[in-house]
Amino acid sequence: MTTTDRPSDPSPVDAPPGAAVASGAAGAASGGVDAASGAAGRLPGRSLLRIGPVSLQIRRRAVLVATALTVLLLLAVVLSLSLGTPYVAPADVLRALSGAGTPYDLVVFDLRLPRIVLAAVAGAAFGVAGTLIQSVARNPLASPDVIGITQGAGLAATVALTTGMSAVLVAPTALVGGMLAAVLLFALGARHGLAAQRFVLAGVAVAFAFRALTEVVMLSADPIDGLRAQIWLIGTLAGKGWTEAAWIAGTLLALLPLLAWAGWALNSTALDDDTARGVGLRPVARRVGLAGTGVLVAAMVTAQVGAVDFVALVAPQVARRLVRAERPPLVCSALLGALLLVLADLVGRRLIAPTQLPAGVLTAAIGGPYLIFLLLRGPRRSS
């Protein structure tokens, strides 16, 4: 498996957008590790990693960005563990995490760490889901909360919360709702090989339909139950911790082989169907696989933490701009999603303390200006 260009291919610097991906796919189809290693030297900003018969190109800037995001995420975790009532000095936080034993072990391990770990894991899952969905849709505005997955989970959770269903059944019910929305999305968008534009339009239709049904259920419910459903729909990490984090992390670990394939398969999403078939790829099967993985991750994380909007929308595109890549990078998007949600939860806890704002409110405050930025930037790019 290799994504390098053949020696006869033009340099990516002079090639049109997508040509580097196309030539890389052609090189993979024709084979030849030696040819790949010969072409690798001509690719700016990349290094070749060879593991036995397999050669992989690594974008050096992506490694640097991932390292910087990891450092920032660790700093955000320490800061989040420190701030609060009582305040815990960062040195005491580090001593507690190292197992040295401090008077603040209860605060760090039992009160704050579970929620922060949940924020990091959920944010990473949102970043992964957004990357896969946006790459399939070829649209920076596509995300689980745009194509109906979040709304399907929200409708199911609203029904559960307003009909007296046990609290432990809310998350499984929301997961079922998210998957049903995914089935409906694929059924509506399956014509023409799950084409990008049809996929997005079908998702928007599904989202509006489920949102309308959710409003009907809430208006007919008891006011107290309706308020509980409204809080869930906003998205909050309050009262949650290890159990929810374990479900999300377990899903990501179970899907790890599929995610590893997705990270490689994303290289071909910029190709049109004729070009992809010409180099031996199966574009429809790849789109279905990538989109299916994305909606499964999105449904699981939404079922556990609620409808935390805009993380899956913002993280992939910001990561893509940081890496300066043609498509959203999977690992950097996951790290940026984790960083965004950890910071959003921290600000929500401390902004008007002791009152806590749901994390979804803060992520929406981030997403709104981001959408305005995209709208203002669009005409400038087209001109």
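**Exercise 1. Find where R324 lies, and decide whether R324 is buried or exposed.**

Step 1. R324 lies in the loop between α15 (311–323) and α16. Helices here are DSSP runs of H or I with at least four residues, strands are runs of E with at least two, and both are numbered from the N terminus.

Step 2. The model is predicted, so local features need pLDDT of at least 70 and side-chain atom pairs count only at pLDDT 80 or more, while totals for chains, interfaces and linings use all residues. Residues are numbered from 1 along each chain as its sequence is written, and side-chain values use heavy atoms, with hydrogens and water left out.

Step 3. R324 is exposed because its relative accessibility is 61%. The cut-offs are under 20% relative accessible area for buried, over 50% for exposed, and partly exposed in between, with a 1.4 Å probe and protein chains only.

Step 4. Although R324 is not a glycine, its phi is positive, about 60°.

**Exercise 2. Work out how α3 and α4 are arranged, and which residues meet.**

Step 1. Two packed helices are described by the angle between their axes and the distance between the axes. Axes are lines fitted to C-alpha atoms, for helices over the stretch in contact, and angles run from 0 to 180 degrees between N-to-C directions.

Step 2. The axes of α3 and helix α4 (residues 90–97) come within 9 Å and cross at roughly 105°. That makes α3 roughly perpendicular to α4, since under 35 degrees counts as roughly parallel, over 145 as roughly antiparallel, 65 to 115 as roughly perpendicular and the rest as oblique.

Step 3. From α3, V78, L81 and S82 meet P90, V93, L94 and L97 of α4. Contact means heavy atoms within 4.5 Å.

Step 4. S82 is in helix α3 (residues 60–82) and counts as buried because its relative accessibility is 2%. Beyond four places in sequence, S82 touches Y87, V88, A89, P90, V93 and R112.

Step 5. The loop between α3 and α4 contains P86, which a cis peptide bond joins to T85, with omega about 5°.

**Exercise 3. Identify which residues touch the most other members of the largest nonpolar core.**

Step 1. A nonpolar core is a set of buried Ala, Val, Leu, Ile, Met, Phe, Trp, Tyr and Cys residues joined through side-chain atoms within 4.5 Å.

Step 2. The largest has 79 residues, and L132, I149, I248 and V305 touch the most other members. Helix α5 (residues 105–137) gives the most to this core, 18 residues.

Step 3. A122 is found in helix α5 and is buried, with a relative accessible area of 0%. Not counting residues up to four places away in sequence, A122 touches I248, V301, V305 and L341.
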